[in-house]
Amino acid sequence: TNATGWVDEFNNYCEWHGVECNEDGDIVALILGNSGLSGSISDTIGNLRNLERIDFRDNNLKGSIPSEIGKLSNLSSFIISYNEITGTIPTEFTDLSKLQLMHLHGNRLRGTVPPLPLKVQSTSSLIADCGSPSDFDTPLHCPSCTMCCNSRQECDVATAKNRFANWAFFLMGLVVVFLFLTAIASWYCKEGFRQYLSVRGCEHDAIGKTSVYSFFLSNSLTAWALATAVVVAQVICFYSYISGASLVFDADKDWVYSFVCPRDEAECRNVSDVGVQGWVFFSIFIAAHLMSDMVNGIKLVWNAPRHCLIQNSLQSFFGGVCLFSIAALALYSSVVYNLAISRSDLELIFNTVILIFVCELDDKLYKCLESVSPSWMEKITREIRESFSINHVFRDITGGEETKETMLEYQVNIDESVKKDIEVYKENISRLEDELSSLKKSFEQLEQKYNTG
């Protein structure tokens, strides 16, 4: 401890260590951080009417904060961080009109920090232990804080980020509206432009032949129930990630605080190491796994109005909505959750891989069903392909102008054509049989001549 001047009673107090005076000899600053102080802050400190700065950080001070400090009308800086001070913040602090900096973190203060007329200069202007986890059941309530710290001495900017779930609902609403408008646009769009978003192959290929989402194209209630269960499970998982990513200072969420406030510095610093490289790899992984689902989802919705049967149109539309919506929700939750907990490029990539696994739940369940009930799966797959393959072939022939009546007429024409082909095949077979009989007789005649000779 530097006690220069403090032990000499005949010394001028302006020459004491940590004491600063103005030209008139009035004490204007007590800078005694990391000075080995113990005991409590005396009430008589309120007699130093010209005091502008108090810095008692990183000592062993106990007791409460004297309310007399609220009488120091010139006080602009009050730092008592990293002590063992208890109690509450005096309401008299609301009279400190010139206050610009106040650090209260690293103590055992409780209650509510009164609204202060603080002239905010930076995110480190007002710091308190208002983060979670806390040493108490309820952290210090500090509506005017610029930085909140927790019991692990981790800090973050005191702007609650708890609306991610609300934004998720808003995003899903926009997605559904967008897909409805896409279907309407497809109905009125010219045929030439339609081809840009037409499904190659059939809808079964677009929605994923190895995904339970394809069950939305079937007529089986069991298949629909399984597909719906997967969609609900994925939504719940993604919502859990989004909810856990919220930054709520009076609740223990997954959010990882990204600032530290050192004992020997007045400014807190961001310790997050996530850089451009991490987000580039994140974008690559997300695009590789979600882009195809989003594109195919739009294609399914775009081609839904062009089916000859209303049932097929609804199945294609609903399947496309689910495919695109889950991909969009996965993208949103991946971004939000990584913003919340990733503090390095490695963590960013690792968390992205975990979230992508949730997207693969539909494929994993499909493989399980193939192992458990292959015959049922073969039946469902055959039904889907037969239903949507006929629709696709007919759509290509009619240029997309499909009706139930013309579809039935087309099928009747196919049946008549097949019957004619069968009659032709019968005539050809009969002719071949006659020729074979003639050849057989000729061969027998030659054999007889050979034996006679």
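Helices H5 and H7 are roughly parallel to each other, a class that covers angles under 35 degrees, with angles over 145 counted as roughly antiparallel, 65 to 115 as roughly perpendicular and the rest as oblique. The model is predicted, so that local features need pLDDT of at least 70 and side-chain atom pairs count only at pLDDT 80 or more, while totals for chains, interfaces and linings use all residues. Residues are numbered from 1 along each chain as its sequence is written, and side-chain values use heavy atoms, with hydrogens and water left out.

H5 spans residues 276-303 and H7 residues 345-359; the two pack at an angle of about 15°, their axes lying 9 Å apart. Axes are lines fitted to C-alpha atoms, for helices over the stretch in contact, and angles run from 0 to 180 degrees between N-to-C directions. Helices (H or I, at least four residues) and strands (E, at least two) are DSSP runs, numbered from the N terminus. The crossing of H5 and H7 is right-handed; a crossing has this hand if the near helix is turned clockwise from the far one by less than a right angle, and is left-handed if anticlockwise. On the H5 side, the contact (heavy atoms within 4.5 Å) is made by Gln-277, Gly-278, Trp-279, Phe-281, Phe-282, Phe-285, Ile-286, His-289 and Leu-290. H7 contributes Asp-345, Leu-348, Ile-349, Thr-352, Ile-356 and Cys-359. By class, 10 residues of this contact are nonpolar, four are polar and one is charged. Ala, Val, Leu, Ile, Met, Phe, Trp, Tyr, Cys and Pro count as nonpolar, Asp, Glu, Lys and Arg as charged, and the others, Gly among them, as polar.

H7 also meets helix H8 (residues 361-372): their axes come within 5 Å and cross at roughly 50°. H7 and H8 are therefore oblique to each other. Phe-357, Val-358 and Cys-359 of H7 form this contact with Leu-361, Asp-362 and Lys-364 of H8. The contact of H7 with H8 comprises four nonpolar and two charged residues, with no polar ones.

The protein chain as a whole has 10 helices and 14 strands. Of its 453 residues, 41% are buried, where buried means under 20% relative accessible area, exposed over 50% and partly exposed in between (1.4 Å probe, protein chains only). Among contacts in the protein chain with a separation of 6 or more, 58% are between residues 24 or more positions apart.

Arg-343 occupies the loop between H6 and H7 and counts as buried at 14% relative accessibility. The side chain of Arg-343 reaches the backbone oxygen of Leu-339 at 3.2 Å and that of Ala-340 at 2.9 Å. Such a polar contact is a pair of N or O atoms within 3.5 Å; within protein, one must be able to donate a hydrogen and the other to accept it, and residues adjacent in sequence count only if both atoms are side-chain atoms. Leaving aside neighbours within four places in sequence, Arg-343 is in contact with Trp-255, Val-256, Tyr-257, Ser-258, Ser-272, Asp-273, Val-274 and Asn-338. Arg-343 and Asp-273 are 70 residues apart in sequence, with their C-alpha atoms 5.6 Å apart in space.

Ser-333 belongs to helix H6 (residues 310-341) and is buried, with a relative accessible area of 0%. Its side chain reaches the backbone oxygen of Ala-330 at 3.1 Å. Beyond four places in sequence, Ser-333 is in contact with Phe-238, Ile-242 and Leu-355. Ser-214 lies in the loop between helix H3 (203-207) and helix H4 (221-244) and is buried, at a relative accessible area of 1%. When residues up to four places away in sequence are not counted, Ser-214 touches His-204, Ile-207, Gly-208, Tyr-366 and Ile-384.

Backbone geometry was examined in the loops between strands. A cis peptide bond, with omega of about 5°, joins Ser-132 and Pro-133; Pro-133 is placed in the loop between strand S10 (126-128) and strand S11 (147-149). Asp-58, in the loop between strand S4 (53-55) and strand S5 (60-62), has a positive phi of about 55° although it is not a glycine. Gln-153, also not a glycine, has a positive phi near 65°. Gln-153 lies in the loop between S11 and strand S12 (155-157) and is partly exposed at 42% relative accessibility.
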